[in-house]
Amino acid sequence: MKHHPQGSTAASAAAEGSPVGEPDGDALRRWVLAFCVIRFDLEQGQVVEECYPPGDLPPSDELCVAFSSFPDSMSHHQHRSRSSIHDSIFFFRIRSASASTSGGFLYGYVFNRQRQDERLKRGGEQKSVVILSPRPYSSVFRPLLQILGPLCFDIGKRALELVAAHVASWPSPIPGKLMELPIGSAVLKVHLPPLLSFPANGDGDGDRCDGDELALSAAMAPFPPANPSIPQGLFHDADLFGIFRGILLQLWVLWELLIIGEPLLVIAPTPPQCSEAVAGLVSLVAPLLCSIDYRPYFTIHDPDFAALNSLREGDAFPPMVLGVTNLFFLKALQNIPHIVSVGSPSPNSGRSLQVAARPSSTNGPGKNPRFGKLNLEQLSLNKFSPTNLLNAMKLRRDGPLSLMTEHKEAIWSTYSATTKPDTSVLNRLIDAGMSPRIEESMSVVNNEILRRHFLELTTNFLAPFGPYLRATMPLEGSSPFVEPPVLPPFHADDFLKSLAERGPGKFLSKRMRANWLDLYRCFLRGRNFMPWFQRRRVIAELEQQRLWRQARMNADMKKLILKMSELEVVDSFNAIERHLLREMQYSRTPEMEKIVHFTVLNSSLPSFFFASINDSPQLFLVLCASKLLTMNDYCII
């Protein structure tokens with residue numbers, strides 16, 4: 001993306017060339033449901049000062065948005081100077097009653113400003129600017145917040161109207177495509193996540209995937225992915241390296257937990273860090289559709305908390321990833337089986353500054369002997385030592401409740417991982433030393449390395465399902481006018497038996513332990529498998545229809561008829577009529593391709609019809625008796 005103006009620059013960027021008049025509501029809702037300004041009042045609590053456009057947010061959503069737009073009581077007690085301003089950006093995901101979200105979820109992207117000033121009542125104030133959308137377009141709304149947030153503090157409500165006018169002028173979102181979105185004199189160049197990243201039904205994220213959209217996805221999102229450089233899933237911009245730097249060795253365990261859809265509690269000191277961690281975890285499993293619930297920033301005020309808190313000992317925790325900062329959740333949600341803590345309590349670790357503060361070097365500034373390469377000894381990759389064993393035993397003994405006294409980056413889980421950490425990937429990561437100037441650019445490089453590896457890992461893990469998702473085209477010399485073959489049926493037991501015989505493949509064999517088949521068993525039972533498999537199955541069927549349709553349009557009718565038996569001519573004639581009826585009733589193909597295909601089919605009927613007259617009078621009578629033969633409709637004579 002280009003141009004991220006801030007402060008006064010943002011005001012001039014957004015105001016320059018701003019559209020005139022009220023923004024079109026329908027056009028705005030293609031991207032944004034509403035813009036809000038929420039103030040934290042010491043006596044009244046969270047107060048919604050502005051909501052634009054007014055009336056678009058149900059009262060129940062408004063209350064949940066207000067509570068989710070501020071650091072909670074146990075995450076913002078950080079040291080501040082006597083007069084300071086701290087800005088941070090984070091996001092949350094809540095269930096929504098709004099019609100614009102199709103009964104699904106609402107995403108809130110928050111620019112939070114905490115101002116410490118002794119001249120103010122009780123020494124400070126908090127205010128948040130929030131962008132609400134039914135779509136998780138973080139690559140769009142993060143940079144947009146960097147413009148809208150400071151601008152709103154400069155000129156007030158007028159900033160919401162200005163930015164809304166620009167957003168309403170944007171073209172409709174095109175999933176999986178690079179888009180240029182003007183905002184005043186600036187342009188956001190963003191690559192939207194592919195359509196297959198979103199759920200297929202109304203319980204998802206507001207994006208229903210109908211046949212036309214899936215037909216488009218069949219061409220745009222091949223499996224396996226053709227180009228790993230473009231986003232293959234949600235939150236492609238998440239800072240994997242920055243937020244998980246302290247526990248990089250655990251990324252492979254976390255990847256498995258996400259793959260099989262296990263419940264996971266993510267604890268971080270600040271909302272920016274916990275929302276970044278959850279986004280990073282969801283992005284790890286691309287191109288797999290993440291079908292479990294995830295909450296980048298979850299608070300006790302969320303309506304779903306009551307149900308989770310009421311779970312009794314022994315009850316199964318629902319498959320979801322919860323990002324929290326309030327340590328109360330450690331006691332309230334004791335049924336959750338996996339807990340990971342990330343991030344640093346440093347006050348300068350907000351998303352708008354840095355997502356995660358790095359651990360201090362033990363060698364002092366400018367004395368890092370491994371500059372330019374990540375020191376793997378700090379990741380405990382060195383061989384067995386009594387100190388490492390004692391630290392691991394102490395961490396396990398104390399459990400996650402030890403976070404109540406001191407924050408540490410760790411994972412607590414009884415899950416035994418199948419996948420081994422890939423040291424060749426870790427060896428390629430670059431350490432920026434103590435230089436903040438090059439920290440961000442190095443993080444970009446490291447994120448690319450990690451993301452490519454996990455994309456390759458997930459793709460290879462899903463590869464054994466390929467034969468069930470592979471479209472076929474007519475064999476050379478065969479008739480494309482018959483019905484295409486159905487895709488192979490899938491049975492979990494047969495799949496596992498076949499997979500056990502042939503193995504997981506060279507890539508996974510090097511990286512997985514002997515119990516690798518157990519990971520597939522867990523995946524098949526988990527929440528992520530069936531939605532992904534069914535979606536890919538539909539796409540394969542649509543792709544197969546497209547290939548056979550193309551073959552029919554390119555077929556040489558005279559050569560085909562000469563090679564056919566009488567029975568094949570009858571079958572082809574009936575098949576053409578069925579194809580014509582389908583094209584007339586409904587088609588997922590573009591209009592021009594539909595017209596061409598219809599024309600080819602229509603012109604093919606006479607060839608088969610008159611071939612029957614010349615070759616066999618009996619065959620001619622059979623065709624005449626066909627219930628589907630309607631000469632007037634098709635004009636074949």
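Residues are numbered from 1 along each chain as its sequence is written. As the model is predicted, local features need pLDDT of at least 70 and side-chain atom pairs count only at pLDDT 80 or more, while totals for chains, interfaces and linings use all residues; side-chain values use heavy atoms, with hydrogens and water left out.

A pair of aromatic rings is described by the distance of the centres and the angle of the planes. Here, rings of Phe, Tyr and Trp (its six-membered ring) pair if their centres lie within 6.5 Å, and planes under 30 degrees apart count as stacked, over 60 as edge-to-face and the rest as tilted. The structure holds 32 aromatic pairs. One of them joins Phe 235 and Tyr 294 in an edge-to-face arrangement, at 5.9 Å centre to centre and with 85 degrees between the planes. Because Phe 235 lies in the loop between helix H6 (211-220) and helix H7 (240-244) and Tyr 294 in strand S9 (residues 293-295), this pair ties together parts that are 59 residues apart in sequence. Helices (H or I, at least four residues) and strands (E, at least two) are DSSP runs, numbered from the N terminus. Both Phe 235 and Tyr 294 are buried, where buried means under 20% relative accessible area, exposed over 50% and partly exposed in between (1.4 Å probe, protein chains only).

The rings of Trp 252 and Phe 454 have planes at 40 degrees and centres 5.2 Å apart, so this pair is tilted. It links distant parts of the chain, with Trp 252 in helix H8 (residues 251-259) and Phe 454 in helix H14 (residues 436-462), 202 residues apart. Trp 252 and Phe 454 are both buried. Ring pairs also build a cluster whose members include Trp 255, Phe 461, Trp 516 and Phe 533.

Charges meet rings as well. A charge sits over a ring if NZ of Lys or CZ of Arg is within 6 Å of the ring centre and within 35 degrees of the ring normal. The charged end of Arg 93 sits over the ring of Tyr 294, 4.1 Å from its centre, and Arg 511 lies over the face of Phe 507, at 3.8 Å from the ring centre.

Turning to buried elements, strand S10 (residues 320-324) has 5 of its 5 residues buried, so it is largely enclosed by the rest of the structure. Met 320, Leu 322 and Val 324 are buried on one side of S10, and Val 321 and Gly 323 on the other. Two strands pair if DSSP finds at least two bridges between them. S10 pairs in the parallel sense with strand S8 (residues 264-267) over 4 bridges, and Leu 265 stands opposite Leu 322. S9 also pairs with S10 in the parallel sense, over 3 bridges, with Met 320 as the bridge partner of Asp 293.

Most residues other than glycine have a negative phi, and most peptide bonds are trans. Phe 235 has a positive phi of about 55 degrees although it is not a glycine, and its relative accessible area is 2%. The peptide bond from Tyr 52 to Pro 53 is cis, with omega near -5 degrees; Pro 53 lies in the loop between strand S2 (45-52) and helix H3 (59-68). A cis peptide bond also joins Ala 286 and Pro 287, with omega about 10 degrees, and Pro 287 is placed in the loop between helix H9 (271-284) and S9.
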